[in-house]
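Biologist: Could you walk me through this structure, one feature at a time? I would like to learn how to read each of them.

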Amino acid sequence: MHQCAALAPGDLQPPECRRLSVELDNFAAKVRACRICVENPVGMPLPHVPRPVLRPSSSARILIASQAPGTKVHLSGMPFTDASGDRLRNWLDVSSDEFYDIEKFAIVPMGFCFPGQDAKGGDLPPRRECAPAWRAPLMALMPAIDLVLTIGIYAQSWHMGAARRPSLTETVMDWRAIWENSVGVKVLPLPHPSWRNSGWLKQNPWFEMDLLPFLRSEIRYRLG
């Protein structure tokens with residue numbers, strides 16, 4: 001476990017960890033002020049005012065690498081304040097207090113701003129500007145992370161590289177091999193917890209029977 005992982009109540013944080021926390025806070029402030037997708041976009045600019053949403057942490061052991069904010073999160077400014085968040089917290093078997101405890105969970109999506117919707121009302125993919133500009137330095141400032149939950153194909157592509165299979169279903173089905181082959185930081189692939197994926201969950205009952213109990217045990221272990 002990294003020395004900057006969440007300490008027991010009353011323990012003093014080492015000076016290096018305090019420095020890292022300040023550096024991360026300063027860097028996150030730059031991310032929240034980002035306007036690349038409007039001022040220097042890849043393709044069409046973001047169709048509304050940017051509002052980057054992220055919760056990085058220098059002490060959390062668990063990173064939720066999600067996709068991008070939806071409409072409700074764009075309004076609230078907090079990740080997963082929607083039905084998807086309810087389902088994700090159920091998958092993890094954690095309370096809202098635990099989920100939003102910055103000492104326990106870091107939440108850093110692949111795209112920080114709500115990307116807009118397509119003609120059918122579905123959310124567009126994460127903006128392509130975010131990850132190249134910000135993700136690697138953010139990860140470097142979160143050294144306590146030892147479990148990454150990759151939600152959806154965009155997070156899986158970035159965090160898993162060649163370990164990602166041709167489809168999301170194949171990737172999630174291969175979770176045991178992905179876990180065992182993870183060197184250092186452990187990685188678990190997950191589908192998006194959107195209620196649009198209810199049909200996928202019914203078609204793949206192994207997800208709730210096999211993967212979720214394992215996921216919950218690993219989460220509980222890291223939460224102490």
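Modeller: On a 1 Å grid over the protein atoms alone, a cavity is a set of points where a 1.4 Å probe fits but cannot get out, whereas a pocket is an open set with protein on both sides within 12 Å along at least five of seven lines; lining residues have an atom within 4 Å of a point. Grid points are joined across faces, edges and corners, and a volume is the space filled by probe spheres set on the points. This is a predicted model, where local features need pLDDT of at least 70 and side-chain atom pairs count only at pLDDT 80 or more, while totals for chains, interfaces and linings use all residues. Residues are numbered from 1 along each chain as its sequence is written, and side-chain values use heavy atoms, without hydrogens and water.

Biologist: What volume does the largest cavity have, and which element gives the most to its lining?

Modeller: The largest cavity has a volume of about 80 Å³. Helix α6 gives the most to the lining, with 3 residues. Among the lining residues are C130, A133 and W134, along with V31, C37 and F112. Helices (H or I, at least four residues) and strands (E, at least two) are DSSP runs, numbered from the N terminus.

Biologist: Which residues of α6 are buried?

Modeller: The general idea comes first: an α-helix has 3.6 residues a turn, so residues three or four places apart point the same way. In α6 (residues 130-140), C130, A131, W134, R135 and L138 are buried (under 20% relative accessible area, with exposed over 50% and partly exposed in between; 1.4 Å probe, protein chains only). Seen down the axis of α6, these buried residues fall within an arc of 110° (taken from the directions from the helix axis to the C-beta atoms), so they line one face of the helix. The face turned away from that buried side carries the exposed P132 and A140. The buried residues of α6 pack against α1 (15-32), α2 (36-39), β1 and α7 (contact means heavy atoms within 4.5 Å).

Biologist: In what order do the strands of the sheet lie?

Modeller: Strands of a sheet pair through backbone hydrogen bonds, either parallel or antiparallel. Here, the open sheet of 4 strands has the order β2-β1-β3-β4, with parallel pairing (two strands pair if DSSP finds at least two bridges between them). At the edges stand β2 (105-107) and β4 (186-190), each with a single partner strand, so one side of each is left without a neighbour in the sheet.

Biologist: How many bridges join β1 to β2, and where do the side chains of β1 point?

Modeller: Strand β1 (residues 62-65) is joined to β2 by 3 bridges, with I62 opposite F105 and L63 opposite A106. β1 also pairs with β3 over 4 bridges, and I64 stands opposite L149 there. I62 and I64 point one way from β1, L63 and A65 the other way, and all are buried.

Biologist: Which residues are closest to the centre of the largest pocket?

Modeller: That pocket has a volume of about 840 Å³. Of its 37 lining residues, Q67, S84, D123, H192 and S194 are the closest to the centre. Helix α3 gives the most to this lining, with 3 residues.
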